[in-house]
Protein chains: 4
Amino acid sequence: MKRQKISVILMLGLVLFSQSGFGRTANQARREIQIPDILGYFTLKCDLHMHTVFSDGSVWPTVRVNEAWLEGLDALSITDHVEYQPHQDLLSTDLNQTYNQAKNLADDLGLILIRGGEITRSMPPGHLNAIFPEDINALKQGDWRSAIQAAIDQDAFLFWNHPGWNGQQKDGVARWYDEHTELLEKGWLKGIEVVNYDEYYPEAHQWCLDKNLTMLGNSDVHDPINLVWDFPGGEHRPMTLVFANEKSAEGIEKALQHQRTVVYYQDTLIGKAKFLDAIFSESIEILTPELTLQGKKRAILQIHNHSDISYALIQDGGLDNVSFPERVTLNAHKTIQLPIKGEGNIPRGRYLIHMPYRVSNLWIGPGEGLKVNIPVTVEYLLAE
Amino acid sequence: MKRQKISVILMLGLVLFSQSGFGRTANQARREIQIPDILGYFTLKCDLHMHTVFSDGSVWPTVRVNEAWLEGLDALSITDHVEYQPHQDLLSTDLNQTYNQAKNLADDLGLILIRGGEITRSMPPGHLNAIFPEDINALKQGDWRSAIQAAIDQDAFLFWNHPGWNGQQKDGVARWYDEHTELLEKGWLKGIEVVNYDEYYPEAHQWCLDKNLTMLGNSDVHDPINLVWDFPGGEHRPMTLVFANEKSAEGIEKALQHQRTVVYYQDTLIGKAKFLDAIFSESIEILTPELTLQGKKRAILQIHNHSDISYALIQDGGLDNVSFPERVTLNAHKTIQLPIKGEGNIPRGRYLIHMPYRVSNLWIGPGEGLKVNIPVTVEYLLAE
Amino acid sequence: MKRQKISVILMLGLVLFSQSGFGRTANQARREIQIPDILGYFTLKCDLHMHTVFSDGSVWPTVRVNEAWLEGLDALSITDHVEYQPHQDLLSTDLNQTYNQAKNLADDLGLILIRGGEITRSMPPGHLNAIFPEDINALKQGDWRSAIQAAIDQDAFLFWNHPGWNGQQKDGVARWYDEHTELLEKGWLKGIEVVNYDEYYPEAHQWCLDKNLTMLGNSDVHDPINLVWDFPGGEHRPMTLVFANEKSAEGIEKALQHQRTVVYYQDTLIGKAKFLDAIFSESIEILTPELTLQGKKRAILQIHNHSDISYALIQDGGLDNVSFPERVTLNAHKTIQLPIKGEGNIPRGRYLIHMPYRVSNLWIGPGEGLKVNIPVTVEYLLAE
Amino acid sequence: MKRQKISVILMLGLVLFSQSGFGRTANQARREIQIPDILGYFTLKCDLHMHTVFSDGSVWPTVRVNEAWLEGLDALSITDHVEYQPHQDLLSTDLNQTYNQAKNLADDLGLILIRGGEITRSMPPGHLNAIFPEDINALKQGDWRSAIQAAIDQDAFLFWNHPGWNGQQKDGVARWYDEHTELLEKGWLKGIEVVNYDEYYPEAHQWCLDKNLTMLGNSDVHDPINLVWDFPGGEHRPMTLVFANEKSAEGIEKALQHQRTVVYYQDTLIGKAKFLDAIFSESIEILTPELTLQGKKRAILQIHNHSDISYALIQDGGLDNVSFPERVTLNAHKTIQLPIKGEGNIPRGRYLIHMPYRVSNLWIGPGEGLKVNIPVTVEYLLAE
């Protein structure tokens with residue numbers, strides 16, 4: 001009798017699998033994105049800007065659905081360019097095909113597919129996504145105002161794409177034009193991409209805060225996502241977290257209309273303090289909520305982070321009788337040690353302390369990290 | 001204004017961290033092992049066999065504690081050889097130092113450290129671990145029966161190590177001797193290592209089933225665990241899952257006395273059906289419990305696996321009116337697609353079906369996988 | 001003055017890169033496949049079977065070129081189905097577009113692009129690839145003999161695809177039909193896919209040996225390769241290694257005509273002994289060609305493997321005076337230790353010994369590993 | 001006949017390996033560090049500062065040898081603290097044991113083991129390593145001058161460790177004291193650690209340039225290296241590259257005496273321009289040394305990097321008639337695309353151009369990247 005049976009049998013399992021007759025993609029697995037639901041809402045992971053062969057992308061619409069499923073998205077909108085179809089000599093220019101070709105697979109996989117198109121004009125006003133309209137072909141219009149009007153007539157949610165893209169702003173700085181004021185005052189422009197692909201636009205971030213616009217982050221992917229993407233961190237595309245009261249296109253639309261979003265970009269979240277604070281609180285768990293400090297001996301606070309985000313904390317003010325690390329990273333899905341030391345002559349007793357930190361990768365404004373407090377109950381004893 | 005601020009600031013955070021003055025290991029992070037609690041017990045992750053410089057290992061006892069914490073263990077026993085100290089010319093031979101040197105760090109980190117020693121004799125009876133005795137030095141005795149008696153006198157839990165180790169059995173086959181019958185009949189021998197390091201012993205597995213002995217799986221690591229280990233799968237050492245009613249040495253002892261263990265070895269669990277079945281059930285979640293089948297169109301059942309174990313399922317019997325994959329792997333922490341097809345003329349209606357599978361890496365006996373049923377409610381419609 | 005400058009500046013470099021105005025795929029990097037040139041030939045890495053939107057694939061032809069470049073291929077043939085264009089309602093059915101759309105990019109990247117098409121018929125004769133013909137549209141013919149004739153008229157190299165594919169052979173067993181004898185006797189059939197996607201066909205392997213046909217291994221990929229591929233080993237698609245006297249389409253054609261190929265499949269090479277032996281010899285380097293053996297003390301032979309293939313060696317016969325490991329894996333791009341021990345009373349002196357092994361993942365026939373000898377010069381000394 | 005035999009047989013090979021009777025670490029593999037030999041010297045990879053249980057480390061000396069072999073080092077010096085043995089109650093304080101316990105294994109594995117000890121004093125002069133002396137016990141002296149004298153009397157090479165360590169400089173800034181001037185003027189101090197563990201000291205870097213001292217980078221590791229190390233980049237410890245005319249302790253000593261070193265730290269090399277320039281030139285290969293530019297069409301220069309270092313290039317001045325990327329990373333062991341465009345009205349002809357870059361991770365001074373030129377021969381044609 002030999003010992004290696006387990007491995008052999010497992011291996012057979014793996015290799016034989018492809019013979020099951022259910023096709024060659026059946027052994028694909030979805031990686032769920034671990035960011036908690038907050039404030040009574042579902043946290044839906046959405047990418048609302050991408051392309052296919054029906055404009056200047058290089059994949060069939062079904063690829064976008066399969067990619068979205070594998071990467072843990074809840075919803076997607078494929079937004080081919082309304083005014084730009086470089087494959088038109090070989091391929092239909094019916095812009096509704098993008099959605100039609102993808103719909104069955106999205107239904108089979110339980111993904112929310114949202115109709116959309118990209119109104120593609122020179123700056124100003126630049127590129128704008130219109131999502132939710134029934135007929136994208138209607139957006140083919142001579143002047144940009146008519147194109148946007150056709151979208152609004154179909155109750156589209158309209159947002160401005162990559163305002164600092166160097167294809168339209170050589171220095172990479174986003175600029176606000178009178179045309180954007182016009183769109184804003186008409187109540188047409190509802191959001192801006194604060195993040196597009198691998199770019200972050202601090203100006204757009206500030207405009208969203210100042211003008212109460214919805215913040216979006218999208219991939220704008222053209223090629224197969226694994227082919228083009230040099231993920232910083234390697235694990236996810238940029239996306240918009242949408243806080244919806246139901247898992248549906250309607251739930252997403254309502255949330256977008258009410259600015260209930262956070263942008264997930266590399267290892268950073270960008271959004272309003274109330275959302276970021278809720279995500280942080282729901283993510284971490286203090287495993288040792290009570291510690292004993294004796295003399296100058298250190299005690300170790302252990303914190304587990306249930307989310308995909310590795311929170312980078314920087315001390316934001318000290319405490320009188322206790323020292324704690326200037327910097328600490330709460331690694332995603334890991335437990336870390338946060339050592340604490342009492343500093344000498346403290347009266348015996350039991351105290352609840354809050355260690356003040358800023359989270360440098362939770363952005364409530366350009367360059368401004370969220371303030372948090374890490375609580376711990378400390379029992380001070382005398383030194384031995 | 002530039003766009004790359006996030007990354008720069010994050011990078012500063014990471015690099016500056018080491019200046020915090022809390023030492024160079026502060027940025028270590030623990031990977032919690034995700035295997036669910038079951039049947040009202042805590043599932044404690046334990047390694048009850050390892051070595052240090054105090055016998056023929058190559059690390060100081062504190063290393064074993066740090067390793068255990070980083071790898072997500074709840075409890076460990078460092079069991080240096082009672083009869084073998086190759087470093088004796090340079091190092092103390094006080095066998096209680098193994099525990100004493102490790103205890104403070106284990107307490108600081110909240111790990112359960114269990115006293116232990118390895119009685120190291122030629123076969124029979126071979127090597128046996130005695131854990132829980134107060135004084136390991138007392139086990140230094142001339143003959144092996146006296147050594148074991150000294151352990152039993154201190155209420156040790158005694159188990160037989162690596163019964164098929166090729167250092168004592170050239171062909172790697174475990175053999176049962178009269179001496180083991182003697183130990184069993186005296187009520188001294190309570191368990192056997194079914195797994196040691198990278199070896200599995202099917203004979204020992206069967207003995208545990210036949211004689212109601214506790215199954216153990218341990219690392220028996222001598223060098224730094226990352227240095228020697230060629231993890232198949234790369235993620236965890238072999239260990240004993242102990243189902244305890246409290247997180248303490250007492251809880252572990254009681255569970256070991258009552259055979260409440262499962263061995264975690266590579267991507268396989270080995271143990272009694274009731275434990276394996278509970279772990280499987282608590283691990284998986286049917287995300288789409290209701291499906292519609294229309295004609296011969298496939299529908300997709302989605303299953304999420306919350307555990308670290310990738311369950312490998314093989315069809316164990318068919319169903320009359322529905323076909324489903326012969327093999328499917330429920331990847332750890334992933335969601336997979338399990339496509340289902342109706343096979344033609346089925347009466348319309350709503351049915352609860354159970355797809356029969358065997359899990360080839362949940363072993364209820366040597367070579368015998370656990371039977372499970374995957375439930376799904378199906379609505380049959382007529383073909384369009 | 002601070003210490004973390006290096007990292008900050010590097011990070012800026014990485015993030016800023018995407019602003020260079022040279023497009024978003026510029027930071028892609030190619031992984032060269034490390035398998036040595038042999039016997040005076042270039043070892044060209046070729047995939048000669050794949051699909052695009054112009055038949056039932058899901059990507060534009062340029063994607064196949066970018067993928068091939070990134071994965072280290074030297075040559076590719078995109079072989080859309082001649083008889084099957086599911087996107088025909090929306091897309092041109094001109095079969096030469098597959099090549100035409102990909103050609104410019106292939107030229108820019110220095111890849112050899114070979115025209116091709118897949119004649120797609122029921123079994124027999126099944127699916128056959130015709131590569132090198134000028135006009136693929138000419139292969140659209142009513143009966144399969146006319147289609148093949150049209151390919152042969154254009155000097156196509158014809159090979160039989162996936163002979164054991166379960167879409168045409170339910171049990172996965174490849175079968176030889178009279179029609180294949182006909183094709184062989186006419187001199188039309190020149191090769192067979194021994195490997196397709198994740199399948200290996202031992203029957204086809206034997207036919208190639210018996211009938212002197214060219215062995216091929218191809219991906220037959222339909223979706224983006226990273227999306228569908230569950231690489232065993234994770235690093236490369238199946239491919240055909242072609243031993244060519246020049247890096248050109250002509251060089252490849254000539255090599256295919258003369259059966260100068262090896263199939264690279266998972267971590268295995270399949271082909272004639274002379275090619276496999278040459279690859280093995282060119283891959284490994286004995287770093288310590290001379291060893292001293294004294295008494296029964298072990299000495300350590302160190303071997304470096306310069307190739308991507310991890311060779312798995314199994315002892316194939318012993319030696320009189322020296323013992324050496326039963327099994328050893330020469331890990332890709334690593335150096336390993338192969339411990340050797342003298343066995344007692346050996347006359348002093350200097351010997352050249354050859355340790356006989358079989359390489360279990362270099363297949364000279366179905367299930368038959370290549371024999372190799374590992375040489376080492378040994379100086380025997382007396383025990384101290 | 002089934003298809004999956006290859007995988008099964010391979011798996012058997014892997015699992016069975018551990019039964020070979022040659023011990024449990026036999027399947028370890030060494031990763032050779034790929035940095036080229038230069039200027040007629042061997043580039044030896046050395047770590048000259050580390051600890052064991054014989055001072056305040058946590059591993060037996062053999063562990064340091066095994067780690068060094070696995071990580072691709074050529075030479076190591078284990079330098080336990082002369083004045084600090086926290087395990088002295090249990091362990092011998094004979095400081096030569098560090099070397100003696102490791103020597104046999106180093107010889108078996110072909111590694112160069114250099115005797116050494118760390119003279120461990122408060123600042124000034126701080127900690128200094130003395131390597132090469134025969135008897136480390138002789139360095140146990142009351143005052144630091146006597147300790148150093150005892151090292152020098154044995155022809156030690158003396159270097160200053162971690163001059164900015166926050167255990168001795170709270171702000172992390174290295175400071176030069178009169179005592180260092182004294183050591184320098186006596187000709188005793190020969191080098192400084194510019195890098196220690198994860199810290200880089202720009203002040204020390206400058207001192208080495210100004211005073212012609214040897215630059216060193218060492219791990220100073222105390223725990224098992226995989227346990228403590230949070231490798232930025234994940235692949236190697238900090239080390240000193242020594243350019244030696246022979247692979248021996250003597251070769252290393254001579255090179256150290258003549259400042260022939262470069263520090264390898266994270267993804268950065270630190271040293272004199274002549275060494276860095278040689279390493280860069282030997283690492284990269286222009287795969288397409290001749291390009292054709294036609295009109296404004298881009299051409300693609302392909303560069304392969306044979307080394308482990310990913311070189312980060314930043315444009316350092318433009319060229320009149322051609323544009324090329326502002327930033328490009330030459331990824332380790334990869335081939336990258338460097339797109340080039342002609343800018344309009346260029347006279348037809350053939351030119352050799354040099355694209356000026358700075359390599360931001362090859363440091364010839366604090367914050368100062370090496371200047372390099374990427375050559376390419378360009379054939380200008382007229383636009384079509």
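**Entry 1: salt bridges**

I started with C:Arg237 and C:Asp47, whose side chains meet in a salt bridge, 2.7 Å from N to O. This is a predicted model, so I keep to what it shows. The pair links distant parts of chain C, 190 residues apart. C:Arg237 sits in the loop between α7 (225-228) and β11 (239-244), and C:Asp47 in strand β2 (residues 42-47). Buried or exposed? I looked up C:Arg237 and found it buried, with a relative accessible area of 0%. C:Asp47 is buried too, at 0%.

Next I took C:Glu67 and C:Arg64. Their side chains meet in a salt bridge of 2.7 Å, N to O. Both lie in helix α2 (residues 61-70) of chain C, three residues apart, about one turn of the helix. An α-helix has 3.6 residues a turn, so residues three or four places apart point the same way. C:Glu67 is buried, and so is C:Arg64.

Then I looked for a bridge between chains. C:Asp108 forms a salt bridge with D:Lys297, with the closest N and O atoms 3.6 Å apart. C:Asp108 lies in helix α3 (residues 97-109) of chain C, and D:Lys297 lies in the loop between β15 (290-294) and β16 (298-305) of chain D, so the pair joins two chains. C:Asp108 counts as partly exposed, at 24% relative accessibility. D:Lys297 also counts as partly exposed, at 48%.

I also noted a network in chain A: salt bridges that share partners join A:Arg30, A:Glu32 and A:Asp74. How many salt bridges are there over all chains? My search of the whole structure finds 72.

I checked helix α8 (residues 249-257) of chain D for burial. D:Gly251, D:Ile252, D:Ala255 and D:Leu256 are buried there. They cover an arc of only 130 degrees around the axis, so they lie on the same side of α8(D). After α8(D) comes D:Gln259, with a positive phi near 60 degrees.

Helix α2 (residues 61-70) of chain A was my second case. Eight of its 10 residues are buried, so the helix is largely enclosed by the rest of the structure. The buried residues of α2(A) include A:Pro61, A:Val63, A:Arg64 and A:Glu67. A:Ala68, A:Trp69 and A:Leu70 are also among them. A:Gly72 follows α2(A), and its phi is positive, near 90 degrees.

**Entry 2: two loop residues**

I went to C:Asn96, in the loop between β3 (75-77) and α3 of chain C. C:Asn96 is buried, with a relative accessible area of 12%. What does its side chain reach? A polar atom of the C:Asn96 side chain lies 2.8 Å from the backbone nitrogen of C:Ile136. Leaving aside neighbours within four places in sequence, C:Asn96 is in contact with C:Arg115, C:Glu134, C:Asp135, C:Ile136 and C:Asn137.

D:Thr52 was next, in the loop between β2 (42-47) and α2 (61-70) of chain D. D:Thr52 counts as buried, at 0% relative accessibility. Not counting residues up to four places away in sequence, D:Thr52 touches several others, including D:Pro61, D:Arg64, D:Asp80 and D:Thr98. I also took a C-alpha distance: D:Thr52 and D:Thr62, 10 residues apart along the chain, are separated by 9.2 Å.

**Entry 3: aromatic rings**

I counted 44 aromatic pairs over all chains. A:Trp176 and A:Trp207 are an edge-to-face pair, 5.3 Å centre to centre, with 65 degrees between the planes. A:Trp176 lies in the loop between β7 (157-160) and α5 (178-185) of chain A and A:Trp207 in helix α6 (residues 202-211), so the pair ties together parts 31 residues apart in sequence. A:Trp176 counts as partly exposed, at 23% relative accessibility. A:Trp207 is buried, at 13%.

A:Tyr200 and A:Tyr265 are a stacked pair, 6.4 Å centre to centre and 25 degrees between the planes. A:Tyr200 lies in strand β9 (residues 199-200) and A:Tyr265 in strand β12 (residues 261-265) of chain A, so this pair ties together parts 65 residues apart in sequence. A:Tyr200 is buried, at 1% relative accessible area. A:Tyr265 is buried, at 3%.

Which residues form a cluster through ring pairs? I found A:Trp160, A:Trp176 and A:Trp207 linked in this way.

Last, I looked for charges over rings in chain D. D:Arg115 lies over the face of D:Tyr99, 3.9 Å from the ring centre. D:Lys186 lies over the face of D:Trp188, 4.4 Å from the ring centre.

Methods:
Residues are numbered from 1 along each chain as its sequence is written. Chains are lettered from A and ligands numbered from 1 in the order in which they are written. This is a predicted model: local features need pLDDT of at least 70, side-chain atom pairs count only at pLDDT 80 or more; totals for chains, interfaces and linings use all residues. Side-chain values use heavy atoms; hydrogens and water are left out. A salt bridge is a side-chain nitrogen of Lys or Arg within 4 Å of a carboxyl oxygen of Asp or Glu. Helices (H or I, at least four residues) and strands (E, at least two) are DSSP runs, numbered from the N terminus. Buried means under 20% relative accessible area, exposed over 50%, partly exposed in between (1.4 Å probe, protein chains only). The arc is that of the directions from the helix axis to the C-beta atoms. A polar contact is a pair of N or O atoms within 3.5 Å; within protein, one must be able to donate a hydrogen and the other to accept it, and residues adjacent in sequence count only if both atoms are side-chain atoms. Contact means heavy atoms within 4.5 Å. Rings of Phe, Tyr and Trp (its six-membered ring) pair if their centres lie within 6.5 Å; planes under 30 degrees apart count as stacked, over 60 as edge-to-face and the rest as tilted. A charge sits over a ring if NZ of Lys or CZ of Arg is within 6 Å of the ring centre and within 35 degrees of the ring normal.
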